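Subject: Structure handover

Dear colleague,

My notes on it follow.

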Amino acid sequence: MVDWLSLAVPLAYLGILIGSLATFSSLYRKRKAQKAFSLEPWFPAHLQRDIYFSLLHIDPSSQNEKKSPAIPESIFKAALLRRAAEDIRRVLTLRSQKQALSTLLQRGSVGDDLWQRFLRAEKEMEEEVKDVVSEANAYVPGWGQTIFQSANEMTNNHIYRQRMNEQQGKLAEERAWWDKKKTSIKESFMKELDEGSETKAAESTPAQSAPAAPASVSDDEAVLVEAENSGNSNVGSPKAQKKKGKGKK
Amino acid sequence: MRHITLTHCIWTPSTKLISLPESSANSAAQKEAVNAELQELNALHRAVVALDPPNIPPPPLPINPKRSAQITKLRDSANTAFRKSQYPDAVRLYTFAIDMAISRPGWEPVALAREELAGLYGNRAQAQMAQQAWPEGLVDAKCSIDSKPTGNVKAWWRVGKCLAEMSRYDEAKNFLTKGLEIEGRESEGGKELIALLADVDAVLQRS
């Protein structure tokens, strides 16, 4: 005969133990799931993918209404290409960040949360890439093998073009700078020239006026005009000499 | 997992464009981002439509020779114009060739575009320099270096020359030393680089 009374104590013990463990584990798991769900995504919204799916979603509705004609397939292909290009960018970002992040994690510089977010992003990108490949194969068999190559070239080309545009965009600035510089160089050059000619003129005036002064004592006015002329420009001096000759006669 | 935000887009068959309806309930910043993306998409779509059936971009290799041939033709005629000292014509033709090379569809290999454009920018720089248009020459030569930093000794020399002509000797010196580091003193145009560097140094010491 089983003694129920003496068994009740261990059974109750077991029951309470298992029950509390079960509650704890379920609570823990729920909390963990919630935490994982509330983790901030690694990347911002995937606009290209969203647009791709948006396009896919217009199609059936418009066919039902029979109002707007169906969208050509080429636009889906283009949208898929855009999506693949963005995926490549993200995959490359993840790859470059992984090394640094794991080092930081080992040193304890970053929290576990960040690492969890990263792992989630990685997994998500894996799924995303697979999805793109299968979509591409659905449009044209075999495209899945080359779509990422094409997308990779597209991203690289895009970066390269952007840089070229940037460089060419500096042209106006450079041109403006040079024009300014050129005029300033010209001005300083002209100034130097002017100074040079002025000193020449200054040297030549006394030499000319010295013999002129005694020669033209008879008409003082003419000498004054000559002196002014030769002071203004060098061209005046031969004329002045001519006048001097006339004055003598 | 992640949720997807669906945007309501409109397909306009007459213009063959995807666009955002006027009355979408997005914030201004979001709308702008979507519009920018749609613009890119439409541009890409035009390129995709222009392809041969089955309307997918071909793998990067082998390269479609048609465009390359056209570019080579333009470059050759530009070179002839340059040799005849018709510099404005040469600049115009090089510009055509550059425009054509830069509008290659994005999925073609970037290495090809770089190689081609390095040569074209370098040549246009030369034509600009022949007309003493130093800033234009400088920008083009810099583009050429950026496209192809190694094995492009002429472009390094041109940058140095343009900078020196505009009396920016410090910058010229920087570029020339960098060019020498990359190209090596023993290379084909290395001597010219060294000679120009010596000139620049002489001017710098005088001042």
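Q39(B) counts as partly exposed, because 13 C-beta neighbours lie inside 10 Å of this residue, and a buried residue would need 20 or more. The model is a predicted one, and this applies to everything below. Q39(B) sits in helix α1 of chain B, which covers residues 28-49. L17(B) is 22 residues away from Q39(B) in sequence, while their C-alpha atoms are 8.7 Å apart in space.

Two helix pairs in chain B are described next. Two packed helices are described by the angle between their axes and the distance between the axes.

In chain B, helix α3 (residues 87-102) and helix α4 (residues 110-130) have axes that come within 9 Å and cross at roughly 160°. α3(B) is therefore roughly antiparallel to α4(B), as angles over 145 degrees count as such. Their crossing is left-handed. On the α3(B) side, the contact residues include Y87(B), V91(B), Y94(B), I98(B) and I102(B). α4(B) contributes, among others, E116(B), L117(B), L120(B), Y121(B), R124(B) and Q128(B). By class, the residues of this contact between α3(B) and α4(B) are 14 nonpolar, three polar and two charged.

The second pair is helix α6 (residues 153-165) and helix α8 (residues 190-206) of chain B, whose axes come within 10 Å and cross at roughly 15°. That angle is why α6(B) is described as roughly parallel to α8(B). The crossing of α6(B) with α8(B) is left-handed too. From α6(B), the residues in contact are V153(B), W156(B), W157(B), G160(B), K161(B) and A164(B). Facing them from α8(B) are G190(B), E192(B), L193(B), L196(B) and V200(B). Seven residues of the contact between α6(B) and α8(B) are nonpolar, two are polar and two are charged.

Now the interface. Between the chains, 45 residues of chain A are in contact with 41 residues of chain B. On the chain A side, the elements that give two or more residues are α2 (47-65), α3 (73-107), α4 (112-139), α5 (143-169) and α6 (171-215). Of these, α5(A) gives the most, with 15 residues.

Lastly, an annotation. An unreviewed UniProt entry places a "transmembrane region" at residues 6-28 of chain A. In the model this span is 100% helix and 0% strand, and its end C-alpha atoms lie 34 Å apart.

Regards

Technical notes: Residues are numbered from 1 along each chain as its sequence is written. Chains are lettered from A and ligands numbered from 1 in the order in which they are written. This is a predicted model: local features need pLDDT of at least 70, side-chain atom pairs count only at pLDDT 80 or more; totals for chains, interfaces and linings use all residues. Axes are lines fitted to C-alpha atoms, for helices over the stretch in contact, and angles run from 0 to 180 degrees between N-to-C directions. Helices (H or I, at least four residues) and strands (E, at least two) are DSSP runs, numbered from the N terminus. Angles under 35 degrees count as roughly parallel, over 145 as roughly antiparallel, 65 to 115 as roughly perpendicular and the rest as oblique. A crossing is left-handed if the near helix is turned anticlockwise from the far one by less than a right angle, and right-handed if clockwise. Two residues are in contact if their C-beta atoms, placed from the backbone, lie within 7 Å. Ala, Val, Leu, Ile, Met, Phe, Trp, Tyr, Cys and Pro count as nonpolar, Asp, Glu, Lys and Arg as charged, and the others, Gly among them, as polar. A residue is buried if 20 or more other C-beta atoms lie within 10 Å of its own, exposed if 12 or fewer, and partly exposed in between; C-beta atoms are placed from the backbone. UniProt positions are given in the numbering used here, feature names are shortened, and annotations may be inferred rather than shown by experiment.
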